[in-house]
Amino acid sequence: MEDISSLIKKAMFNLKPEAKFRPDYQTALENEEVKKFLATHQAEITPEIIDNSLDNLYLFTQQLKSNRIQKILQGYEPHLVLNDNLIEITYAPGKVMQTELALNKAQKRIQLIDLPEKLKNVTLSELDKAPGREEALVKIATFLKQYQTNSHARGLYLEGSFGVGKTYLLAGLANVLAQNGTQVIFLHTPSFIASLPTFVKKNTLAAEVDKITQAPVVIFDDIGAESLSEWSRDDILGVIFQKRMDNELPTFFTSNLDLAGLEKHFSETKNSVDELKAKRIMQRIRFLSEEVLVKGENRRV
């Protein structure tokens, strides 16, 4: 196999007469990126191929040291490729664009239902690690580690006062899961319950329930703040929780109520009080999640 330096010297020696007076060609061949490419493909490249590709090699080096290509194809970087008997330039996303593309792809794995899009930009590493959040952050980290090998890891029930950041903590969790390829549904429970009549009218209720029932990970935000009927409690939430429990699918909750308060909430519907049915639905929630208290100041003030 011919040494790459010898190959370049031979190519320079064999240049066409008009090219020998072009010092920019020699500069291009001395470029480190060009030399790396030629070294990688030295078994396939001949002096003739180099000679025929000098214009492309020169253009490539010019694009490397200027921002001209960024203006033409913002976010893309030039790369050399060997195409038959010619070295050509191709363009691929640069590191910044690759990061952006990966982020966009991850964000598409999170379906927000009646929640702000900004939650897709929350990162766990940037969240305030105030004392009242420590336990929740540890539990979230533990879940993420377990989930790597166990898709049936138990979820969390984050309870605490208004504005302590429960939703943002689980948004950070959702974004990590999405970046690792997991589909997540993140829904605002009161709005979902309020939308049930609309789903019935559009004949889409079964599809909505199935989607939430079967999703790999679901987060029910602000549960306990919804206005319930026996139907929405037993035939909607009860069915969803039962099926997720049967399939041991990770399920998360945020609430201003502790579990005892949530049980009282579920016992009182618009038209009746039924403590037994409340206990049944709470049995499912306790199976699906571990209660964690989140403390802190109201960050919404």
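## Overview

A helix here is a DSSP run of H or I with at least four residues, and helices are numbered from the N terminus. The model is predicted. Its chain holds 15 helices and eight strands.

The chain has 301 residues, and buried residues make up 45% of them.

## Helix 9

Helix 9 covers residues 166–179.

Helix 9 is mostly covered, with 11 of its 14 residues buried. The buried residues are K166, T167, L169, L170, A171, G172, L173, A174, N175, L177 and A178. Just after helix 9 comes G181, which takes a positive phi of about 100°.

## Helix 8 against helix 9

Two packed helices are described by the angle between their axes and the distance between the axes. Helix 8 spans residues 134–147. The axes of helix 8 and helix 9 come within 11 Å and cross at roughly 20°. Angles under 35 degrees count as roughly parallel, and helix 8 and helix 9 are therefore roughly parallel to each other. Helix 8 passes helix 9 in a right-handed crossing.

Which residues make the contact? Helix 8 brings A136, L137, I140, F143, L144 and Y147, while helix 9 brings L169, L170, L173, V176 and L177. By class, this contact of helix 8 with helix 9 has 11 nonpolar residues, no polar ones and no charged ones.

Q148 sits in the loop between helix 8 and strand 4. Is Q148 buried or exposed? Its relative accessible area is 65%, so Q148 is exposed. The C-alpha atoms of Q148 and L177 are separated by 9.5 Å, and the two residues are 29 apart along the chain.

## Helix 13 against helix 15

Helix 13 runs over residues 230–246 and helix 15 over residues 275–288. They pack at an angle of about 30°, with their axes 9 Å apart. That angle makes helix 13 roughly parallel to helix 15. The crossing of helix 13 past helix 15 is left-handed.

On the helix 13 side, the contact uses E230, R233, D234, L237, G238, V239, F241, Q242, R244 and M245. On the helix 15 side, they meet K277, I281, R284, I285, F287 and L288. By class, the contact of helix 13 with helix 15 has eight nonpolar, two polar and six charged residues.

## Two strand residues

Strand 4 covers residues 155–159, and E159 is found in strand 4. Is E159 buried or exposed? With a relative accessible area of 12%, E159 is buried. Under 20% counts as buried. E159 and E291 are 132 residues apart in sequence, yet 7.1 Å apart in space, C-alpha to C-alpha. Leaving aside neighbours within four places in sequence, E159 is in contact with K166, S255, L257, D258, E291, V292, L293 and V294.

Q111 lies in strand 3, residues 110–113. Its relative accessible area is 32%, so Q111 is partly exposed. Q111 and V184 are 73 residues apart along the chain, and their C-alpha atoms are separated by 6.3 Å. What does Q111 touch beyond its neighbours within four places in sequence? Q111 is in contact with V184, I185, F186 and K211.

## Positive phi in loops

N203 has a positive phi of about 60°, although it is not a glycine. N203 is placed in the loop between helix 11 (196–201) and helix 12 (205–214). At 70% relative accessibility, N203 counts as exposed.

D222 is a residue other than glycine with a positive phi, near 60°. Where does D222 lie? D222 is in the loop between strand 6 (217–221) and helix 13.

Notes
Residues are numbered from 1 along each chain as its sequence is written. This is a predicted model: local features need pLDDT of at least 70, side-chain atom pairs count only at pLDDT 80 or more; totals for chains, interfaces and linings use all residues. Side-chain values use heavy atoms; hydrogens and water are left out. The expected span of a helix is 1.5 Å times one less than its number of residues. Buried means under 20% relative accessible area, exposed over 50%, partly exposed in between (1.4 Å probe, protein chains only). Axes are lines fitted to C-alpha atoms, for helices over the stretch in contact, and angles run from 0 to 180 degrees between N-to-C directions. Angles under 35 degrees count as roughly parallel, over 145 as roughly antiparallel, 65 to 115 as roughly perpendicular and the rest as oblique. A crossing is left-handed if the near helix is turned anticlockwise from the far one by less than a right angle, and right-handed if clockwise. Contact means heavy atoms within 4.5 Å. Ala, Val, Leu, Ile, Met, Phe, Trp, Tyr, Cys and Pro count as nonpolar, Asp, Glu, Lys and Arg as charged, and the others, Gly among them, as polar.
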